[in-house]
Amino acid sequence: MPRRILHIDVNNAFLSWSAVYMLKHGSQIDIRTIPSIIGGDESKRSGIVLAKSPVAKKFGIVTGEPIYFAKKKCNNLQIFKGNFNIYREYSKAFYNILIQYSDKVERFSIDECFVDMTDVMKDKDIVKIAYEIKDRIYKELGFTVNVGVASNKLLAKMASDFEKPNKVHTLFDSEIQSKMWPLNIADLYGIGKMTIPKLLKMNIKTIGDLAQSDKKYILRKFGKYGNMIWDHANGIDNSPVEERNQPPKSIGNQETLPKDLYTKEEIEKVLAQIAEEVTFRLRKYNLLGTVISVNLRTNKFEDYSHQKKLLNPTSNTKEVIIAAKEVLKEMELKGPIRQVGLKLDKLTSSEEYQISLFDEDSNNTSHNKLDKLDKTLDELKAKYGYTKITRGSSLK
DNA sequence: TCTGGGGTCCTAGGACCC
DNA sequence: TCTGGGGTCCTAGGACCC
């Protein structure tokens, strides 16, 4: 039995959500109907297009481009700042509608979800349900979505990306050749600007070209990544819809500075400030970080980083600041610094870590002590390897 | 002329171990 | 002069996504 997967994608999410919010709070204009964008702050050098209205799109404005360029393309462009607290609210509201249809809903990003309908379909018509979901979201929340219907996540995602906005598209297995293969290779999920020229050089221009190429050849050329893109081109994807909310695997902040920095003293100050935010988020999730890395970007857009494993995982601000400074000390400044980043990796749950250190049971019997000793030794073994520990003692 | 911020996963080389 | 093979862990960097 094939699976039944939906991918729901909010159309121009940030701009739509801002539009709905503004209308609700007395705005006379719907910014979706005028040339408008949601953008960063040019004076803070974070001026890129985060979302665009359909009208702005007609002027050739694309997401991610500098606002400076967007303005040149359309001189009466209206620019609005994003409001992420509002976006998170709409994202949650949209998710809350989806979980009424299935337990298996994966929040893929702030504005995209996958829904696995396989177990709840029975004899119902999946396309009809897709339309119902789309229309309900519009009616109840005021913004439009695209819904992709397919037998796996990859195909559902490709389908939702067809014609926009406010559309339902199917991409069933029998439709792969007619609907997906004629598309440009750049339209395939997972293929970015570095891979496109390589594929073009190999005379692979469409998704169908890739699908029909020799898999061994693609594998030799691209390794594991080649395996993935070849499978994608052929509509193969077995990844499950992950309904659980997984804890993050890394937490970090980057900051583009209003002005380039030239000394480590200045960079240290920025790092300290970022450390406050990062450790706050770690504590919010009850997580501790084990590996700390500092990332620098020069004014020529050269990125480089250094990292260091901490002796003990931490979410303590002061410890993170000290560690960040130590890492920075080992780095050279390759030029004027435009952006500073700090990230913690290899996150562990702080509860588990506490329990491993302090026996929560105050009953201090010898049995407990032995348990603890075992635990400690086990941890040492796990960390350093059994042989090293025995060897160390036998060396005596 | 200007280019964000938050992530995930993968690779390749070096150190070290048996 | 020729010099294994397997493995893990660590680090730096790259590609991709929204």
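Predicted model: local features only at pLDDT ≥ 70, side-chain atom pairs only at ≥ 80, totals over all residues.
Two residues are in contact if their C-beta atoms, placed from the backbone, lie within 7 Å.

**Helix α12.** The buried residues of α12 are I229, W230, H232 and A233. Looking down the helix axis, these buried residues fall within an arc of 160°, so they line one face of α12. They pack against α7 (153-160), α10 (207-211) and α11 (215-222). After α12 comes G235, which has a positive phi, near 75°.

**Around DNA strand B.** How many residues surround DNA strand B? There are 28, and the closest are S46, K224, K249, S250 and T256. Helix α12 (224-233) is among the elements that supply at least two residues each, along with α3 (67-73), β9 (250-261) and α17 (386-395). The largest share, 7 residues, comes from β9.

**Helix α14.** Here is a check you can follow on the model: at 1.5 Å a residue, the 13 residues of α14 (residues 317-329) should span 18 Å, and the end C-alpha atoms are 18 Å apart, which agrees. Its buried residues fall within an arc of 105° seen down the axis, so they line one face of α14. The residues themselves are V320, A323 and A324. On the face turned away from that buried side you will find the exposed residues K318 and K329.

The cover over the buried residues of α14 includes these elements:

| Element | Residues |
|---|---|
| α13 | 264-284 |
| β10 | 287-298 |
| β11 | 303-314 |
| β12 | 337-345 |

Notes: Residues numbered from 1 in each chain as written. Chains lettered and ligands numbered in written order. Near = placed C-beta within 6 Å. Helix = DSSP H or I, 4+ residues; strand = E, 2+ residues; numbered from the N terminus. Buried ≥ 20, exposed ≤ 12 C-beta atoms within 10 Å, placed from the backbone. Arc of directions from axis to C-beta. Expected span 1.5 Å × (residues − 1).
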